[in-house]
Amino acid sequence: MVDTSASAYGEKVIDDTIVDRNRMANAVVFLTTTALVQAIPTVGLGMLTSSLFGTAVPLPMGWVGGIIGFTGGLIANIEVLKRSLVNNEVAQAFVTVDSLKAILGKKNPFIVYGPGGPYLAKWWEQRSGENVINLEIASVNFSFTVQCADGVLYGEGSFRLRADIRHAVKYLRGYNAIAEDIGELIIAHAITELANKRARSATHHIKALNESLTQKFAGMGSDTTNFEEGYGVNFIDVTVTKLMPSEDLQKTMSAIAEASMVKAGTAALLGMSQKAVAAALEAGTLSRADYNNARDRFLSVSGNLEGMDISRQEFEINLKGIEPQSLKDLLLLARNAGLLGKKGGLK
């Protein structure tokens, strides 16, 4: 069973008490109509049969006519009763058209009846199955992309809403386009909120974004926003559930994060701060080779060498005192071992 109580929707109650309808006028019309429908045929037919037959027959024809008229009135009143009652389901509302108002050209001939019932209506009100309003909560998903200052973000979310019976006619006039229109407005608001932010900052902005969306579209407590009134709906909530970088932006952000981590780890292995490392490299007190050695050691320790083919072979050869023939033999050995290029020196 659908819960339509105040606790289910905060302070936005949806029972029939919030509907603006002239209940007293409906009751007066019903009582007056049933009294006349019962009295007119009873009295009229009684008087007619009495005047027509008088004492020509031994039966009290006035009474006979009255009984026949009373029975006819009862049958007619059963039909009046059917047309004077509106009975809705627990999560359903209904809109009728006051034909008399329409004929007389008066404004707002539409009359709303909330969930439950039965409720008294004027018997001349016109009814159509197209004017039934479902009051259950509807959930609509949406997705969007936003171009941030440094890349594209993909967002996903949903909003929940239901018809507002205080503005039932507006809802009926536009319910076919509500989901699409509202989705576009929510997306436009989200994009405006995020467009000027950097991607990393925007991904941490979901909570603030949801608060902003709720304030704009759902309002607070029993208050109804202009937006809700315009579409004849009540928002339950608006939530962006996912906000993540595009694949290309994720790769870029991961590379930046990894590079920062490697710099910090290399400096730690050297026993220096990153600022001190940069100063030492610039001053020449730390060689690029020593820095690269420390960097490779960090990559190895951290597991980042997996899938990478990094090897280093270093030789320190003192060529002084070596005879020419011995040197030729050494170079030939080195070339055969792959340590020399075809025409180059030591690798």
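Q: Which residues are linked with Asp16 in a network of salt bridges?
A: Arg21 and Arg23 are linked with Asp16 in that network. The general idea: side chains of opposite charge can pair when their charged atoms come close. A salt bridge here is a side-chain nitrogen of Lys or Arg within 4 Å of a carboxyl oxygen of Asp or Glu. The side chains of Arg23 and Asp16 meet this way at 3.1 Å, N to O.

Q: What kind of model is this, and how are its residues numbered?
A: This is a predicted model, in which local features need pLDDT of at least 70 and side-chain atom pairs count only at pLDDT 80 or more, while totals for chains, interfaces and linings use all residues. Residues are numbered from 1 along each chain as its sequence is written, and side-chain values use heavy atoms, with hydrogens and water left out.

Q: Is Asp16 buried or exposed?
A: Buried means under 20% relative accessible area, exposed over 50%, and partly exposed in between, with a 1.4 Å probe and protein chains only. Asp16 is buried because its relative accessible area is 6%. Arg23 is partly exposed, at 36%.

Q: How many salt bridges does a search of the whole structure find?
A: The search finds six. One of them joins Asp164 and Arg166, again at 3.1 Å, N to O. Asp164 counts as buried because its relative accessibility is 2%. Arg166 is at 35%, so it counts as partly exposed.

Q: Which residue forms a salt bridge with Lys242?
A: Glu156 does, with the closest N and O atoms 3.9 Å apart. The pair links distant parts of the chain: Lys242 is in strand β9 (residues 233-245), Glu156 is in strand β8 (residues 151-163), and 86 residues separate them. Lys242 counts as partly exposed at 37% relative accessibility. Glu156 is partly exposed too, at 39%.

Q: How many helices and strands are in the chain?
A: Helices (H or I, at least four residues) and strands (E, at least two) are DSSP runs, numbered from the N terminus. This chain has 11 helices and nine strands. Of its 347 residues, 33% are buried.

Q: What share of the contacts joins residues 24 or more positions apart?
A: A contact means heavy atoms within 4.5 Å. Among contacts with a separation of 6 or more, 67% join residues 24 or more positions apart. Take Ile178, in helix α4. Leaving out residues up to four places away in sequence, Ile178 touches Leu161, Tyr171, Gly183, Tyr231 and Val233. Ile178 and Val233 are 55 residues apart in sequence, with C-alpha atoms 9.0 Å apart. Ile178 is buried, because its relative accessible area is 6%.

Q: What does Tyr119 touch, not counting residues up to four places away in sequence?
A: Its partners include Asp16 and Arg21, along with Ser84, Leu85 and Val86. Tyr119 is found in strand β4. Tyr119 counts as buried, at 16% relative accessibility.

Q: Which residues does a cis peptide bond join?
A: The general idea: most residues other than glycine have a negative phi, and most peptide bonds are trans. A cis bond joins Gly117 and Pro118, with omega about 5 degrees. Pro118 sits in the loop between β3 and β4 (119-120).

Q: What is the phi of Asn108?
A: Asn108 has a positive phi of about 50 degrees although it is not a glycine. Asn108 lies in the loop between α3 (99-104) and β3. Asn108 counts as exposed, because its relative accessibility is 52%.

Q: Which residues lie nearest the centre of the largest pocket?
A: On a 1 Å grid over the protein atoms alone, a pocket is an open set of points where a 1.4 Å probe fits, with protein on both sides within 12 Å along at least five of seven lines; lining residues have an atom within 4 Å of a point. Asp20, Asn108, Phe110, Ile111 and Val112 lie nearest the centre, among 20 lining residues. The elements giving two or more residues to the lining are α1 (23-53), β3 (110-113) and α4 (168-194).
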